[in-house]
Amino acid sequence: MAEKHSPRIPTCTYRLQFNRQFTFAQAREIVPYLHALGVSDAYASPYFQARAESLHGYEITDHNKLNATIGSREEYDAWVTELHAHQMGQVLDFVPNHMGIAEPLNQWWMDVLENGPSSMYAPYFDIDWHPLKSDLHDKVLLPILSDQYGRVLERGELRVRFEEGAFYLSYYDRKLPIAPGTYRYILNIALQNLAEYKGQDFYAELQSIVTALEYLPRHTETDPRRIAERVREKEIVKRRLERRCAEAPEVQQAIENALRQINGEPGDARSFDALDELLNAQSYRLAFWRVAAEEINYRRFFDVNDLAAIRMELPEVFDEAHKLLLDLVRVGAVTGLRIDHPDGLYLPQEYFEKLQRRCAEALGMALPQDGRAVYMIVEKILTAVETLRKDWPVHGTTGYDFANQVTQLLVDSSAETEITKTFHRFLGHSLHFGHLAYAKKLLVMRLALANDVNVLGNMVDRLSEQNRWYRDFTLEALARAVRETIACFPVYRTYLAPERPVNDQDRQVVERAVAAAERRNPAIEESVFNFLRDILLFRFPENLDDDARAAHTHFVLKFQQATGPIMAKGLEDTVFYIYNRLAALNEVGGEPQQFGIGLDAFHERNLDRQRNWPATLLATSTHDTKRSEDVRARMVAISELPQPWRRSIQRWRLLNRKWKRTIDEAQAPDPNEEYLLYQTLLGTWPVNTHSQAEQTASAEYVARIQAYMAKALNEAKLNTSWIRPNEDWLGAMRDFVAKILETSSKNKFLPNFFPVVEEIARLGAINSLTQTLLRLTSPGVPDIYQGNEIWDFSLVDPDNRRPVDYRHRREMLATIGKAKPEELLQSWPDGRIKMFLTQRVLQFRREHADLFQCGNYLPIRASGNLADCCISFGRQWHDEWIVVIAPRLSSRIGFPPVGERWKDTVVDLPESISLDHAHELLTCCELRHEGRRVSIADMVSILPFAVLSNL
């Protein structure tokens, strides 16, 4: 009988970014530190085989090998042993949607390039072997060239080489296989070079090899028997060729001479004809990287050409990709999973269910009734009022939703009108978020993901041709309806699946998107949109045969895979770098058009988590966030100072306008870019231990800001872009940053900037401590991004992937127990107060796990003059309880927000909790109360937050 088993639910995860700069051996060294901090589970970035230079690990080239640059299996096992010695688990970030294809390490992809549709791995990748462009039939477009193909070819940058019996194409650090059937293009020239040796055995042997190549099954074969024959025979040919070269140096020399002839001579265009002919015979077509958007015929991760999507819905792909993972689950090395980008999967729910079943089998247990054998979280980005699917066998999301909710809670919503006016006045025009999001999704569909959408247009056109009611719809009208509907999509994707009823949430999303698209396009006949809407909701025409029904279903599932990347590229990677009203709100899954939420709304979100997703992850910084939690906490404080902010940026613009440059009759940087820059500086400027702004910007800091602004400008796609970088504009921004941050008597900006930085830093510190406490005590599992247990002022990647100084953190943790709470508050810039709060609460969580995993959530409302500045709630499990008290909008209270500054603000503790033995956990003070009423001034007399408990 299978053993009963419950998933290990972490009490706190700690995200580790593995790469060549942070290895398994280094991870092992910090295990005791993490345990002392209160962390229960390491949360590992992908560490399967990937590019050696990768800083993130998401371009996996082999799911069944560890990344050698991170460490050996022995080093990995030693790390896991150390985790187990400290009763710690490991949550692994797994990537099922795509693979890295830039290096020969990916043997699946190399086999596809060598053998085309006849590769046994051809079905593994989402390749369209019969695209609209006939020249690409049975080929893969490879947009890897730095210039147009003809120019690259005739510059001699493409070279065929010979090694170990096989030919390959070299293009700088790229290595591409040459199809065995086309070796004869080279070997026939070699035979000509060996004409004087016609009587020799090696000449006859080489002739025999050429003959064998002529009979090799073609690269377009898809019959399994012929594919098996091709696989067998091509390797025999390579071995024969290698052996013949080793035994007869004349053959080796003849091949090298043939390669010199084929590789051409720069300056002689005709000398490249033979190489051009050889390359045209391959199963891939080399192309300038800029043509990718329109002609690429394999599905990618977003618009990243080096990340090819795999078809995880196929049983053979699933089985091959999960061998090592399931073995690590079986031996207890991996105790939880984070699933990356599930919205890219063909059938996400089916994947989750299958993975949970396989994990149950690996653990030798029966699948639990709820279908959850292991702890599993998914990188699902929820928008607006969208909720996670309750029928998914997962434990929750990766926490973006919580990050955005807590940020919105810290916004002073009363300042919305004033902040918006300031933004529009600085720009010189208004900016409507909804219109901007719509326009930028259309832009992305035109510039980056054009082919993905064109394919959908052609698919739905073929569907319309199958029915006399719809065959008069034109390709242009249908393709435009598809584009417009995607542009109006309010969520990342829907989740319709065969043999499952259409979910009400999906139905509403599709109907809303189609209605909005129809409203924006009155020139397109209504029936076109009705046709598309019905297909997207599985309301297919009657009398479809099985093949036609399958084609309709396939279109819906492909449509669903496309909407997520378009939303991400249009919104996260474009709009969020343009709509800079309050850039702290421009976060993954964020709603920057919303300006704050109230206490009741925050409590409602927490209640929903406690009811439905008590083990979901709670994050405030991740490897993908646009800025760290501490930068965001500072920037959101701008909403508390609307008038000083307006006066400051007007003054700063005047002081710095002399550093701008005129480019094509426009000022660089433009007002919006400058507006983002000032917010970014406020969020990141260093403050010394005396709470004063550092008077000099280090060279490293200046370079970080310059790099961030270059990325922000390219992502915005207004004055420059990744596809067409405007070097003059980027240079103007780079120089502008350098000039305004230069320490000199001529620079009047910095002396005006410092007082604002100091005020924002104080408010930001309180915001950060509040969001830390809320993350550690709200329903869910708190997650700490590496290094963020103290202040961390990192920006978007790669800035947030810099090495973490764990020696400094270990030393800090070792001394925290000796410091008095009031001392930690007084020296808040050194970050010890954040670590103190983190450690104390995490250790308490570990000792009382049931209180946090199972306990009720009790909203508590304050009363008094500053009631709106107090966030309070309780957690109760039987007789155990805690009550959390934290500040928000602290500019109304004063700095630090402790003691009598709270005036008459009080909270009434719930009737359900016993006040016997109640005390404050962080300061060990006894709880003073009148009946059930507690004075905030009493409870936060030492620290600006409190955790009350009877434990």
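Arg801 is in contact (heavy atoms within 4.5 Å) with Gln17, Gln21, Leu55, His56, His623, Asp624 and Tyr785, leaving aside its neighbours within four places in sequence. The residue belongs to the loop between strand E20 (781-785) and helix H30 (806-816). Arg801 is buried, with a relative accessible area of 9%; buried means under 20% relative accessible area and exposed over 50%, with partly exposed in between (1.4 Å probe, protein chains only).

A word on the source: this is a predicted model, where local features need pLDDT of at least 70, side-chain atom pairs count only at pLDDT 80 or more, and totals for chains, interfaces and linings use all residues. Residues are numbered from 1 along each chain as its sequence is written, and side-chain values use heavy atoms, leaving out hydrogens and water.

Helices (H or I, at least four residues) and strands (E, at least two) are DSSP runs, numbered from the N terminus. On to helix H9 (residues 249-262), which has 14 residues. Its two sides look like this:

| Side of H9 | Residues |
|---|---|
| Buried | Val251, Ala254, Ile255, Ala258, Leu259, Ile262 |
| Exposed, turned away from the buried side | Pro249, Arg260 |

Seen down the axis, the buried residues of H9 fall within an arc of 140° (directions from the helix axis to the C-beta atoms), so they line one face of the helix. Their packing partners include helix H6 (183-193), helix H7 (201-214) and strand E8 (159-163). After H9 comes Gly264, with a positive phi near 75°.

Methods:
The expected span of a helix is 1.5 Å times one less than its number of residues.
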